Amino acid sequence: MRFCRECGLLAPLGSDQVCPRCGAPLPPPVRLRSRRPEPRYLEPEDPPPMTTGQYFLTLVVCGIPVVGLIVLCVWAAGHTILPERCRLARAYLIRRLLTDIVLLLLLWLLRTAWPLLVPTWYYW
Ligand SMILES: [Zn+2]
């Protein structure tokens with residue numbers, strides 16, 4: 001907003017450096033600022049990366065037969081401060097599920113195909 005000092009005209013926005021009515025030079029534009037400072041938004045802090053000891057502890061817990069599986073499920077569900085541990089638990093559970101399926105398929109295949117693979121020596 002700028003007023004002409006000579007004639008008092010409110011200069012329209014985007015007008016030049018001179019008053020459109022009297023031709024007098026206009027004062028420099030005054031920027032209105034709010035009294036409140038701009039709000040500052042802080043980025044959430046990234047959690048610290050997992051240390052080697054924490055990886056080791058996670059892998060040790062993976063090896064515990066029943067309790068480890070329960071703890072891994074809890075971690076995989078996101079109940080841990082460390083997102084890396086959550087991802088590691090999920091990856092471990094997926095790998096374990098796949099290997100269990102493959103092992104069960106192999107056992108089933110071996111069980112059904114065993115009589116065909118091994119000749120019976122009953123008649124000999
Ligand atoms: Zn003027």
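Biologist: How many aromatic pairs does the count come to?
Modeller: This is a predicted model, in which local features need pLDDT of at least 70, side-chain atom pairs count only at pLDDT 80 or more, and totals for chains, interfaces and linings use all residues. Residues are numbered from 1 along each chain as its sequence is written, and side-chain values use heavy atoms, with hydrogens and water left out. Rings of Phe, Tyr and Trp (its six-membered ring) pair if their centres lie within 6.5 Å, as stacked (planes under 30 degrees apart), edge-to-face (over 60) or tilted (the rest). By this rule, the number of aromatic pairs is zero.

Biologist: Which residue lies over the face of Trp-75?
Modeller: A charge sits over a ring if NZ of Lys or CZ of Arg is within 6 Å of the ring centre and within 35 degrees of the ring normal. At 4.5 Å from the ring centre of Trp-75 lies Arg-85.

Biologist: Which arrangement do the four donor atoms around the zinc ion form?
Modeller: The zinc ion is coordinated at 2.2 to 2.4 Å by the SG atoms of Cys-4, Cys-7, Cys-19 and Cys-22; donors are N, O and S atoms within 2.8 Å of the metal (3.2 Å for Na, K and Ca). Their angles are 103 to 121°, and four donors qualify if all angles lie between 85 and 135 degrees. The arrangement is therefore tetrahedral.

Technical notes: Four donors count as tetrahedral if all angles lie between 85 and 135 degrees; four count as square planar and six as octahedral if opposite donors are over 155 degrees apart and all others between 65 and 115; anything else is irregular.
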